[in-house]
Structures are given as C-alpha cells and as structure tokens.
Amino acid sequence: MDELTTSIVGIDFPNEDASKSNRRMECMMCAPGDLVELRLEPKNPFDENAVAVWSDRGTQLGYVSAERAPLIGKRMKEDDATAVFQAMHGSGAYIRIRFGGGLPTLPDPVPDVPKPQPPQPPRPILIVTATGVRSPRVLSRRRGA
C-alpha cells in the first residue's frame, strides 16, 4: 500500500479556537491537491493513536478515522508520508496519503449524485367556474348527466 484515500472525521466539531475557525468551512476552502499536514497526537485523551489533519493555512480539518489511525500512524513513523486534500463529497471530506516519498496521485473525481426526490401524491385539480369551485369528479358527473 503506497497510497490510500481516507475520510476526515470530526469536521462538524468545533476547533479549540471556536470563534476563529470552522472545520467544515476550512474543508470547503481546500482545493483538490492542496497539501495537508498529518500530526500524530500520542497524548490525545480520547485516542493515543489519533492522527489530526491540518490545512496548509494552519486550521485543523479533523482527524483520520479511529479505525485507520493506528495503521497510518505506524506508517508515518516508518516512512515519509505526504497528504493532500482530495475532495468534499456528499457531506464528507477526503484526503489522499502517499507513503515513501512523492505526492499522492488524485483519482478522477466522483460527481455528487443528487438524491432522488420521493414521489409526491398527485394534487387534486380544482376547476373554478362562474358558479364556484368544483372538483373534476363533480364536473365529470355533470357532463355525463
């Protein structure tokens, strides 16, 4: 495994400087290919394997998922790791990491597919006449009479 794509988790949590930065907004400001920094956080009170993700503007974007952090942290200690912002997709953000030197290769972008709208029940059609409002059913009975 020389390269991998992984999600950034925690983008909806506030940074310590909550009034100055916003993780989701910072992710939205990143362009595909922008360098991001991976920082090991062995003293993180929630996960000693935590790997934080920071933008090149010095704002935290979030973390590598707890499932992937041990593997990525181990590889970071053994070898060079370079990470770039890959994309926002749906409601999440993704980075691409390359181990062993060089820049990661970004895959072709995946377009967001709009969510299909649930079917709407047909709306009744009201017909306004000089004598008032009639439903099509009432109108059709009168026509046949």
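User: What stands opposite Ser7 in β6?

Analyst: Tyr94 does. Strands here are DSSP runs of E with at least two residues, helices are runs of H or I with at least four, and both are numbered from the N terminus. A note on the source: this is a predicted model, in which local features need pLDDT of at least 70, side-chain atom pairs count only at pLDDT 80 or more, and totals for chains, interfaces and linings use all residues. Residues are numbered from 1 along each chain as its sequence is written, and side-chain values use heavy atoms, with hydrogens and water left out.

User: What makes β1 and β6 a pair?

Analyst: Two strands pair if DSSP finds at least two bridges between them. Strand β1 (residues 3–9) is joined to β6 by 6 bridges, so the two count as paired, and they run antiparallel.

User: Why is strand β6 called largely enclosed?

Analyst: Buried means under 20% relative accessible area, exposed means over 50%, and partly exposed is in between (1.4 Å probe, protein chains only). In β6 (residues 92–99), 6 of the 8 residues are buried, so the rest of the structure largely encloses this strand.

User: Why is the contact between Glu3 and Arg98 called a salt bridge?

Analyst: The term asks for a side-chain nitrogen of Lys or Arg within 4 Å of a carboxyl oxygen of Asp or Glu. Here the N to O distance is 2.6 Å, so the pair qualifies. Glu3 lies in strand β1 and Arg98 in strand β6, so the bridge ties together parts that are 95 residues apart in sequence. Glu3 and Arg98 also belong to a salt-bridge network with Arg96.

User: Which residue forms a salt bridge with Glu26?

Analyst: Arg57 does, with the closest N and O atoms 2.7 Å apart. Glu26 sits in helix α1 (residues 23–29) and Arg57 in the loop between β3 (51–55) and β4 (60–64), 31 residues apart. Glu26 is buried at 7% relative accessible area, whereas Arg57 is partly exposed at 39%.
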